[in-house]
Amino acid sequence: MTPREQILSTIRRSLGATGAEAPRRTIVADRLKGHGRGVIPARAQGRSPEGLIALFVEMAEASAATVATVRSADEAPAAIAEFLRAHNLPAALRRGDDARLVGLPWERTTIDVSTGRSFGDDAAGVSAAFGAVAETGTLALVSGPDNPTTLNFLPDNHIVLVDAADIAATYEDLWGEVRGAYGAGTMPRTVNWITGPSRSADIEQILLMGAHGPRRLHIVLVDPNAVAETTEMDATLAAAGSTPAETRVGSTLAGDPKAPERDAPTPPAGKPDRREADRGHEEDELDEALDESFPASDPPSQTQP
Amino acid sequence: MNAHSTSPAFKENAHRALHDPALQRALGNVETGFIGRRKSAADKLPEFEALRDSARDIKNHTLAHLDLYLEAYEAKVTAAGGHVHFAPTADDATAIVADICRRVGAKTVAKGKSMISEEIELNAALEAAGVQPVETDLGEYIIQLRGERPSHIVAPVIHLNRDQIEADFRRVHTKLPPERDLSAPESLLAEARGALREKFLAADVGITGANFLVAETGTSIIVTNEGNGDLSQTLPKVHIVLASIEKLVPTLEDASQMLRVLARSATGQEITVYTTFSTGPRRPADVDGPEEYHVVLLDNGRSAMLAGEFREMLRCIRCAACMNHCPVYHAVGGHAYGWVYPGPMGAVLSPSLIGVDKAGHLPNASTFCGRCESVCPVRIPLPKLMRHWREREFERNLSPAPVRSGLAVWGFFARRPRLYRFATRAAMGALSLLGRRKGRFGALPLAGGWTDTRDFAAPEGSTFQARWSAERRAR
Ligand code: SF4
């Protein structure tokens, strides 16, 4: 008996089955094809497109990712340049062959863009997401020459471009999209769900950021319908008594997408945290951990009060 | 068989643990951290209880059709260009892994966190085969430096304080300047990260565990927060997945249900930072990823567990909620359990895997408070299963002599109600008089095992039976 037969026959003896029973086989075949959904959280259901985007941003920020919203992909390079500058990072970036990245006007910035997988010596990498899940603020990236998996994990800073239209409500909706792209029962080599930057709490249960993977995860959300929120956000920030000096609020959002090209340095594209005022206890803890784990030479990131 | 366990010495282990001040200090972190975080994550999701039912049902369904799902899974892995190896025993599994390493001429192996690897004692087997295993999860890395076993299935070094870890790093990382400041946990993390980066890039083979296997697509899933599992499986030219047969779920939708309860139960996160779905090796156009993808499916006694009352234990998704909420675990930590799996889940699983003779009295390390069952995301009736083991242990005459003779004495009195009432009243009265001043006993003759580490509350003076009849008379 081969080891395989040995295991299968012990299982069958334990279950009192032979493996040939037609009803059992039908049950299994139907289940595999049915893709039945179980319990789906209400928080992600029945939302308008704007509601889904808002949930995605809220959850992603709660996981310590930062989010910048731009109205067109053409604005992404400037937003990325601003992120690099805000963290004193070199103006250099590694990317794959994804058409959504290749076609961007990188020449409007001073960023030195190289292509290919990472070998561990890039400070920042950029990927284009296959999709995202609003339920938990999760990004979904697929492997391949377009977006090499090494870019997700080796660079200290990972920047991910997401099209607002690709935000699914739930994990199940995302699998629907994957099946649409790759065929039912077939998967790309790797699907990476990423929710926030790398961390570890192994030492005395203290949350530390940047364990092996990126210390920062920055999401550039392309949302053509993003409304200028400057006034509202200013009010919220003022109410919270915390207007970070270096954060020029929502200027990209407010800007006319057809405006003439700006010279570097471009205004920041970062959206400040709209929830400053009602920050919960847990987020304070997370902030403390972030404060502790970022090198002292770093300027504070935009989500920090 | 493996099973280098000290489980038979649970009492001695526990005694040592209770008198270890550093351990007691570290164990404080279990109670303060995990319990509150799990609760707030569960409270934030109104569907959490319904998801626990759903997770239980998915596992029950899969286990009842496990032979067929394994066949379907194997076919899909093969179609994606991967290889499935069946390992009936721990030794079979280590031999398969060592063979692959030898064939590709591997010198070092980067490992993601895997409890199966601990169960089959893979590191010792690799070293014997001339291959150097490198644990890359921060906690597992520290464990490896210390030559220990993890004391917790999610947080392997929960039993250590940072000064102990600092001492280990100074002992091992000898190339770094001795005057460096390692007082902050951040600097410990940075040092480990630096040391491990080189290892990742140099490793020939990467080994990870699997939290779930998906029959529909032949996919293995790992969840991590550090990203070490992903580096372990992406950089080397060979990826080996170690998984036990009960990790299967039918579809990606089923996996998603399980993922909704896993992180919330384990660390109180909505979801872990990295959830990775791997299917086969590198595709023709890929510029990174492993050239070979192997799955080693371990049985090691599980197929036999499907037959009896312990089938329910095979639903376990290793979230560790049961030990996080266990008063016994809080008191003695994970090492006292003497084998790979501690806490309530270990007390039920270990006797099944290494034998009731070796681990049969772990199920006695329970107060039967029921907290484990109340938080288990797949609703395993852990107290009931521990009771099953106790019964079996007693039937097989494996209980220690004092327990057996104690029960025999109790049985003598219990069969003679008037004598029982008299004896218990006399004892309660005497204890109440003696303990009146402090209300508790720090030491009692014949009960040192109890009173050495906890006080025995002094009884009020009358027995339950006496009060019961008094109450009835009053009505
Ligand atoms: S028995 Fe339940 S609570 Fe314990 S580790 Fe397993 S799934 Fe988690």
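Figure 1. Arg52(B) is buried, with a relative accessible area of 2%, whereas Glu49(B), at 40%, counts as partly exposed; buried means under 20% relative accessible area, exposed over 50%, and partly exposed in between (1.4 Å probe, protein chains only). Residues are numbered from 1 along each chain as its sequence is written, and chains are lettered from A and ligands numbered from 1 in the order in which they are written. Because the model is predicted, local features need pLDDT of at least 70 and side-chain atom pairs count only at pLDDT 80 or more, while totals for chains, interfaces and linings use all residues, and side-chain values use heavy atoms, with hydrogens and water left out.

**Figure 2. Asp204(B) and Lys237(B) form a salt bridge between distant parts of chain B.** The closest N and O atoms of Asp204(B) and Lys237(B) are 4.0 Å apart. Asp204(B) lies in the loop between helix 10 (185-202) and strand 4 (205-208), and Lys237(B) in the loop between helix 11 (228-234) and strand 7 (238-244), so that the pair links positions 33 residues apart in the chain. Asp204(B), at 17% relative accessibility, counts as buried, while Lys237(B), at 36%, counts as partly exposed.

**Figure 3. Asp286(B) and Arg189(A) form a salt bridge that crosses between chains.** The closest N and O atoms of this pair are 2.7 Å apart, and both residues are buried. Asp286(B) is in the loop between strand 9 and strand 10 of chain B, and Arg189(A) is in the loop between helix 7 (171-182) and strand 9 (190-194) of chain A. A search of the whole structure finds 44 salt bridges over all chains.

**Figure 4. Arg282(B) lies in the loop between strand 9 (274-278) and strand 10 (292-298) of chain B.** Arg282(B) is partly exposed, with a relative accessible area of 30%, and a polar atom of its side chain lies 2.8 Å from the backbone oxygen of Gly289(B). Leaving aside neighbours within four places in sequence, the residues in contact with Arg282(B) (heavy atoms within 4.5 Å) include Arg189(A), Val287(B) and Asp288(B).

**Figure 5. Asp137(B) is buried yet has no salt bridge.** The nearest side chain of opposite charge is that of Lys113(B), 5.8 Å away, where Lys and Arg count as positive and Asp and Glu as negative, and His and the chain ends are not counted. Asp137(B) is found in the loop between strand 3 (132-135) and helix 8 (138-146) of chain B, and its side chain reaches the backbone nitrogen of Gly139(B) at 3.1 Å. Not counting residues up to four places away in sequence, Asp137(B) touches several residues, among them Asp202(A), Lys111(B) and Glu226(B).

**Figure 6. The largest nonpolar core includes residues of both chains, among them Trp193(A), Met313(B) and Tyr341(B).** A nonpolar core is a set of buried Ala, Val, Leu, Ile, Met, Phe, Trp, Tyr and Cys residues joined through side-chain atoms within 4.5 Å, and the largest one has 130 residues, with Trp193(A), Met313(B) and Tyr341(B) having the most contacts inside it. The largest share of this core, seven residues, comes from helix 12 (residues 252-266) of chain B. A second, separate core of 51 residues includes Leu52(A), Val134(B), Leu145(B) and Phe200(B).

**Figure 7. Asn88(A) and Ala320(B) each have a positive phi although neither is a glycine.** Most residues other than glycine have a negative phi. Asn88(A), with phi near 55°, is in the loop between helix 4 (76-86) and strand 2 (92-95) of chain A and is exposed, with a relative accessible area of 58%. Ala320(B), with phi of about 75°, lies in the loop between helix 13 (302-305) and helix 14 (321-324) of chain B and counts as buried at 1% relative accessibility.

Terms used:
Helix = DSSP H or I, 4+ residues; strand = E, 2+ residues; numbered from the N terminus. Polar contact = N/O pair within 3.5 Å; in protein donor to acceptor, adjacent residues only side chain to side chain.
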